[in-house]
Amino acid sequence: MELEELQSAWTQMSNEINHQKKLTNQIILDMTKQKYQNKFTTITKYETLGAIICFAIALVILINFQKLDTWYLKVCGILTLSFLIVLPAMVLSTLKRIKNIDILNGSYKENLKLYVKTKNRLLRLQQIGIAVGLIGLVFIVPVTSKIISNKNVFLTSLKTEQYIIFTITMVIMVFFCKWAYNGYLKVTRSAQELLQDLE
Amino acid sequence: MQKEEVFTELIREHQALLYKATSIYTDNKEDQEDLFQEVVFQLWKYFDSFRNDAKITTWMYRVAMNTAITFIKKKKRKPKSVSVADVFSTQSDDKDDVLEERLKLLYQHLQHLNTLERGLIFLLLEGKSYKEIATITGLSDTNVGTKISRIKKKLKTNMTK
């Protein structure tokens, strides 16, 4: 297929569609009012739900913070709280930036640039979330264990099956991180090319 | 005439433009319908802000393309053949098989382009001049020319593969 053929196929399609006035006034008016779901609102919904869960857990830890009675448990508590509050808050603010893209006045070029940059930031945050989640096992487990069952895991010797479960979890997490990171690299590489194109 | 009437008339008048704009950025019927609705919703939302000093279609192209930016899904590994061809074939009583096949090919080639390139080639296929494309996209006239010739080369390479 040659370029001229692309143009002629497009023109022919345009002519055909121009003759088909399929939409009725009612359908159009429904579109202006209907509360339908699109992909972006779905992403926002899941991220918001995730953030609410994180904030709720953070609140529970805050309320029970006095139960963390040694300095190292307190440090673990602070790290857990930071992880549960800072990261989701940053994700939500990034999503807000995407939602606030100026569709009416912004140019396609500027909007595209802003979108690609913000999307990259979102991906980076998700990557950090996964990595911190992996490292986080070290400080989240002692905090939850102390708050829920009043056990200091640093002073409790683990059983063999607990060691096995812990090792398997770590191995799975490492593979998951590697897989997610490769995906991230692939997406950001094409985004980078697009950004260069927009400069 | 009431605002609703003017708006529905406008959408009916330019629905082909919206079908085509939404087909460029999506690769299946469901996504296209979602994007189409989102574009109509955004046009309605900003309808009061439309100033008559701009051409209505220029305004529609801009809103449609800007809306599409945030809507683009992650690229699929294998480009599929596409929506508007389906919409078109189901709408038409006498199907043109040759045209349908050409449209499938056309959309397959377009799937290899990035978001910026898709937007530019869409406006070019719509018969817009470089100046109009520059107005809609915010690029300079010369930049439009350079990018379009690069896209043409890219398309040509893909077509001969």
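A residue counts as buried when its relative accessible area is under 20%. Keep that cut-off handy, and remember that what you're looking at is a predicted model.

Start by selecting B:Trp59. Its relative accessibility is 6%, so it's buried.

How do you describe two rings sitting together? You use the distance of their centres and the angle of their planes. For B:Phe47 and B:Trp59, the centres are 6.3 Å apart and the planes meet at 40°, so this pair is tilted. The two residues are twelve apart and link distant parts of the chain: B:Phe47 lies in the loop between helix 3 and helix 4 of chain B, while B:Trp59 belongs to helix 4.

Next, pick helix 1 of chain B, residues 3-13, and colour B:Phe7, B:Thr8, B:Leu10 and B:Ile11, which are buried. Why are they on the same side of the helix? Because they cover an arc of only 160° around its axis. Show their surroundings: the buried residues of this helix pack against helix 2 (25-33) of chain A, and also against helix 2 (15-25), helix 3 (29-45) and helix 4 (56-69) of chain B.

While you're there, select B:Lys3 and B:Trp44. The charged end of B:Lys3 sits over the B:Trp44 ring, 4.4 Å from its centre.

The whole structure has ten aromatic pairs over all chains. One of them, A:Trp71 with A:Tyr72, is edge-to-face, at 5.6 Å centre to centre and 85° between the planes. Finish with A:Trp10, B:Tyr61, B:Tyr107 and B:Phe122, a cluster linked by ring pairs.

Definitions and conventions:
Residues numbered from 1 in each chain as written. Chains lettered and ligands numbered in written order. Predicted model: local features only at pLDDT ≥ 70, side-chain atom pairs only at ≥ 80, totals over all residues. Heavy atoms only, no water. Buried < 20%, exposed > 50% of the residue type's maximum accessible area, 1.4 Å probe, protein only. Helix = DSSP H or I, 4+ residues; strand = E, 2+ residues; numbered from the N terminus. Arc of directions from axis to C-beta. Contact = heavy atoms within 4.5 Å. Phe/Tyr/Trp six-rings, centres within 6.5 Å; stacked < 30°, edge-to-face > 60°. Lys NZ or Arg CZ within 6 Å of the ring centre and 35° of its normal.
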